[in-house]
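Trainee: Before we start, could you put the model on screen? I would like to go through its strands and its aromatic rings.

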Amino acid sequence: MKLPEPLFAIINPLVTLLLRSPVHGFWSDSLMLITFTGRNSGRQFTTPVRYIQNGAVIRCFTSASNQWWRNLRGGAAVTLRLRGQDCQFLATAIENDPDEVRKWLHHYLGLFPQDAAYHNIRLNPDKTLLAEDLDAASRTAIVVQAAPQSGR
């Protein structure tokens, strides 16, 4: 089920508060906060996102129609609040690489199939992803990939 977009104006601040609270453990195994600096404004922004981890690399996903990920083009220092801890990472946005996006989107949605609707991907009766929808989403989804900053 896909929540209506206007609800996120209420949900995101609540999730941010919860992930910064002592009870973050109920949510922080799959949700994190990403804090980044706006390229034009110089202001700090924080947004909650669902994530997956592969070794030291953290990945999250968004739609190309969202704006926030554009601040990460070419790489940017970010703070990730993971499992109650703030950690420094270097994040990049993977765009215009449908094969790479498809690989990670498929992996992510295997873990969180309930998020398929946010990428306009339907599920087959056996709950697998509809291949043509996954292919289409791979051209419009953005993978934000973050690796720990060296020497920190």
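Trainee: Which residue of β4 is the bridge partner of Thr 35?

Mentor: Keep in mind that this is a predicted model. Strand β1 covers residues 31-37 and runs antiparallel to β4, with three bridges joining the two. Thr 35 is bridged to a residue of β4, and that partner is Thr 79.

Trainee: And in β5, what is the bridge partner of Thr 79?

Mentor: Strand β5 spans residues 85-94 and pairs with β4 in the antiparallel sense over seven bridges. In β5 its partner is Gln 88.

Trainee: How many residues of β4 are buried?

Mentor: Strand β4 consists of residues 76-82 and is mostly covered. Of its seven residues, the number buried is five.

Trainee: Which residue in the hairpin of β4 and β5 takes a positive phi?

Mentor: The hairpin has two residues between its strands. The positive phi is near 50°, and the residue that takes it is Arg 83.

Trainee: What is the geometry of the aromatic pair formed by Phe 8 and Tyr 118?

Mentor: The model has six aromatic pairs. For Phe 8 and Tyr 118, the centres are 6.2 Å apart and the planes make an angle of 75°. An angle over 60 degrees counts as edge-to-face, and the pair is accordingly edge-to-face.

Trainee: How many residues apart in sequence are the parts that this pair ties together?

Mentor: Phe 8 belongs to helix α1, residues 8-19, whereas Tyr 118 is in the loop between α2 (98-111) and α3 (131-137). The pair therefore ties together parts whose separation in sequence is 110 residues.

Trainee: Are Tyr 108 and Phe 112 buried or exposed?

Mentor: These two rings form a tilted pair, 5.6 Å centre to centre with 50° between the planes. Buried means under 20% relative accessible area. Tyr 108 is at 4% and Phe 112 at 14%, so Tyr 108 is buried and Phe 112 is also buried.

Trainee: Which residue lies over the face of Phe 112?

Mentor: Phe 112 also takes part in the tilted pair with Tyr 108. At 4.5 Å from the ring centre of Phe 112, over its face, lies Arg 50.

Trainee: And what is the distance of Arg 59 from the ring centre of Trp 104?

Mentor: Arg 59 lies over the face of Trp 104. Its distance from that ring centre is 3.5 Å.

Terms used
Residues are numbered from 1 along each chain as its sequence is written. This is a predicted model: local features need pLDDT of at least 70, side-chain atom pairs count only at pLDDT 80 or more; totals for chains, interfaces and linings use all residues. Side-chain values use heavy atoms; hydrogens and water are left out. Buried means under 20% relative accessible area, exposed over 50%, partly exposed in between (1.4 Å probe, protein chains only). Helices (H or I, at least four residues) and strands (E, at least two) are DSSP runs, numbered from the N terminus. Two strands pair if DSSP finds at least two bridges between them. Rings of Phe, Tyr and Trp (its six-membered ring) pair if their centres lie within 6.5 Å; planes under 30 degrees apart count as stacked, over 60 as edge-to-face and the rest as tilted. A charge sits over a ring if NZ of Lys or CZ of Arg is within 6 Å of the ring centre and within 35 degrees of the ring normal.
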